[in-house]
Amino acid sequence: MTVYRRFLQEPPRIVMSVSGECAAERLPKFWVRAGLVTHEGQVVEGGVSGSKDLEIALARPVSFCKIQVMKTTKQEKVPHFRLRFTVQCYNEQSGFLDVGHIFSHPIEVFSHPTYLRQAAMPAPQLVHIIPDHMDARKDTRICIVGDGFLNTGALRVTVGDSQVHMGTSDLRVHTSKCVLLTIPAGALGLCGTLPVKVSNDGKNYSHALPLNVCF
């Protein structure tokens, strides 16, 4: 099956820090290498391509804007992947040395034909909203807790008649059990109890949970 070679819609950003006092000019040069691993931590060979090695400096974030995921979870027969970012330093005697690594949240990758053929992905299950009330005059960050949230790029959240799409700074899949949503001040324009629903594909929506909105 042809792999859907897609750039990550929100490029991963890495920031390096050190504990204690350390002069930045005394640090060796560091690089970060991006790779792909299974949910069990096994390396997926050829899992990513593009600009997967970036130089990084202390307290200066770098973004992996040009890496592509080249494998699908169905191909590898795993429920999800994680991106692994390995920090390396270089010296003339030993070359590149791994000094640590961090992992992304789980991601699920589909092939392009599968993504286009799929009529509707399973709707997530919602459990509760934290907090379950907000002042419409203020920016409010809420966490939608449940199960089955997929980081596909097609995820949608509706609050009353308002809809938020993946790919904006207002919506992020934190894990398969948590979605983070920022509702800007004045975005709703209504007062009362509004239904909140979530869809993984913009077609098949979950049941609604109430969000109490006041002015």
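Reader: Which residues is Ile183 in contact with, leaving aside its neighbours within four places in sequence?
Author: In this predicted model, contact requires heavy atoms within 4.5 Å. Leaving aside neighbours within four places in sequence, the partners of Ile183 are Met134, Lys138, Asp139, Thr140, Ile142, Val159, Leu188 and Leu211.

Reader: Which residues touch the most other members of the largest nonpolar core?
Author: The largest nonpolar core holds 23 residues. Those touching the most other members are Ile144, Phe149, Val157, Val159, Leu181, Ile183 and Leu211.

Reader: Which strands each supply at least two residues of this core?
Author: Ile183 belongs to this core. The strands that each supply at least two of its residues are β10 (125–130), β12 (140–147), β13 (156–159), β15 (171–175), β16 (178–183), β17 (192–199) and β18 (209–214).

Reader: How many residues make up the second, separate core?
Author: Ile14, Ala34, Ile56 and Ile107 are among the members of this second core. Its residue count is 21.

Reader: Is Gln88 buried or exposed?
Author: Gln88 lies in strand β8, which spans residues 81–91. Its relative accessibility is 11%. Buried means under 20%, so Gln88 counts as buried.

Reader: Which side chain does Gln88 join through a polar contact of 3.0 Å?
Author: Beyond four places in sequence, Gln88 is in contact with residues including Lys29, Trp31, Phe96 and Asp98. The side chain at the other end of the 3.0 Å polar contact is that of Asp98.

Reader: How many disulfides are there?
Author: Cys89 is buried at 11% relative accessible area, and Cys178 is buried at 10%. A disulfide needs a pair of cysteine sulfur atoms within 2.5 Å. By this rule the count is zero.

How values were computed
Residues numbered from 1 in each chain as written. Predicted model: local features only at pLDDT ≥ 70, side-chain atom pairs only at ≥ 80, totals over all residues. Heavy atoms only, no water. Helix = DSSP H or I, 4+ residues; strand = E, 2+ residues; numbered from the N terminus. Buried < 20%, exposed > 50% of the residue type's maximum accessible area, 1.4 Å probe, protein only. Polar contact = N/O pair within 3.5 Å; in protein donor to acceptor, adjacent residues only side chain to side chain. Core = buried A, V, L, I, M, F, W, Y, C linked by side-chain atoms within 4.5 Å.
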